[in-house]
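Me: Can you take me through this model? I'd like to start with a helix and then move to charges and the core.

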Amino acid sequence: DYEVKDKQKKEADDVVIRDVLELWRTATELEMDSKENADESDDFYDGEQWEEKDKNLLKSLDRACLTINLIAPKVNEISGHQRQSRTDIHFVPVEDGDQRACDLYNVVSKVICEQSNADREESAVFLDQVIRGRGWWNLYADFSKNLLGDLRLQRFSDKRVKVGPHEQPDLEDCEYLIKDRMYSKAKMEQLWPDKADDIGEDFEGIEELGT
C-alpha cells in the first residue's frame with residue numbers, strides 16, 4: 001500500500017460554485033453562435049425550416065407552409081452507412097511484452113460495450129456529429145447494481161456540453177469543458193442528502209421568481 005496525500009487545495013463550497021459558474025458563463029458565451037447554428041441544423045433535419053414570422057404571415061394569407069425535407073433522407077443514409085460499417089474496439093501491442101495487457105483490454109472493452117448497448121449509443125453520437133457538428137461520449141461508473149461500480153458508455157447531448165476557450169478542432173488545447181444536466185428537486189436531494197436544506201432554499205427562490 002502507498003500513502004496517498006491529497007495536495008488539492010481545499011476551498012469552501014460557495015467558492016467552488018462561484019468559480020464553476022464563472023467558467024460555465026464564459027463557455028456559454030463563447031459557444032452561443034455555434035449552439036444556435038447547431039439548433040438550426042436540428043430544426044432543418046426535423047423539417048422545421050420556416051421562421052415563426054414567415055409562418056404567421058402565410059397563415060394570415062391562408063397559405064400553407066410547404067416543406068420539402070431533402071436533408072433528413074441524406075443524413076439518414078449517412079447514418080445507415082455508419083451502422084453497416086461498425087468496427088470493434090481493438091487494442092494492438094506496440095511491443096511483444098504488451099500482448100497480454102492488450103488481450104485483457106480487449107476483453108474488458110468488449111464487456112463494457114455489451115453492457116452499455118454501445119452500438120446504439122455510437123450511432124446516436126455519430127448522428128449528433130453529422131447534424132450538429134459535434135458528438136459526445138460519456139464514460140461513467142454505474143453503482144446501481146455494483147457497489148464497486150460498472151463502467152458504462154452513453155451518448156451525451158451536445159446541447160448539455162459547454163467547452164472552454166480553444167483553437168484546435170480536436171480540443172487538444174482546451175483546459176476545461178462542462179457537462180450539465182437537469183434534475184428534479186427530489187433527485188438532487190437524493191444525490192446530495194447533506195445539502196438537502198440548501199437545495200430546498202434554492203428551489204424556493206426559483207419558484208418565487210416564477211422560473
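Me: Which residues of H5 are buried?
Reply: The buried residues of H5 are Cys102, Asn106, Ser109, Ile112 and Cys113. Buried means under 20% relative accessible area, exposed over 50%, and partly exposed in between (1.4 Å probe, protein chains only). Helices (H or I, at least four residues) and strands (E, at least two) are DSSP runs, numbered from the N terminus. This is a predicted model, where local features need pLDDT of at least 70, side-chain atom pairs count only at pLDDT 80 or more, and totals for chains, interfaces and linings use all residues. Residues are numbered from 1 along each chain as its sequence is written, and side-chain values use heavy atoms, with hydrogens and water left out.

Me: What do they pack against?
Reply: Helix H6 (118-132) and strand E2 (150-156). Contact here means heavy atoms within 4.5 Å.

Me: And which exposed residues are on the face turned away?
Reply: Arg100, Leu104, Val107 and Glu114. Just after H5, Asn117 takes a positive phi of about 50 degrees.

Me: Switching to charges. How many salt bridges are there?
Reply: The structure holds 17. A salt bridge is a side-chain nitrogen of Lys or Arg within 4 Å of a carboxyl oxygen of Asp or Glu.

Me: Take Arg120 and Glu121. What is the N to O distance?
Reply: It is 3.2 Å. Arg120 is exposed, at 53% relative accessibility. Glu121 is buried, with a relative accessible area of 13%.

Me: What about Lys35 and Glu31, buried or exposed?
Reply: Both Lys35 and Glu31 are buried. Their side chains meet in a salt bridge at 3.9 Å, N to O.

Me: Which residues are linked with them in a network?
Reply: Asp39, Asp42, Arg132, Arg134 and Asp158 join Glu31 and Lys35 in a network of salt bridges.

Me: Now the core. Which residues make up the largest nonpolar one?
Reply: Trp136, Phe156, Val161, Val163, Leu171 and Cys174, 6 residues in all. A nonpolar core is a set of buried Ala, Val, Leu, Ile, Met, Phe, Trp, Tyr and Cys residues joined through side-chain atoms within 4.5 Å.

Me: What does Val163 touch?
Reply: Not counting residues up to four places away in sequence, Val163 touches Ala27, Glu31, Arg134, Trp136, Leu171, Cys174, Tyr176 and Leu177. Glu31 and Arg134 also belong to the salt-bridge network.
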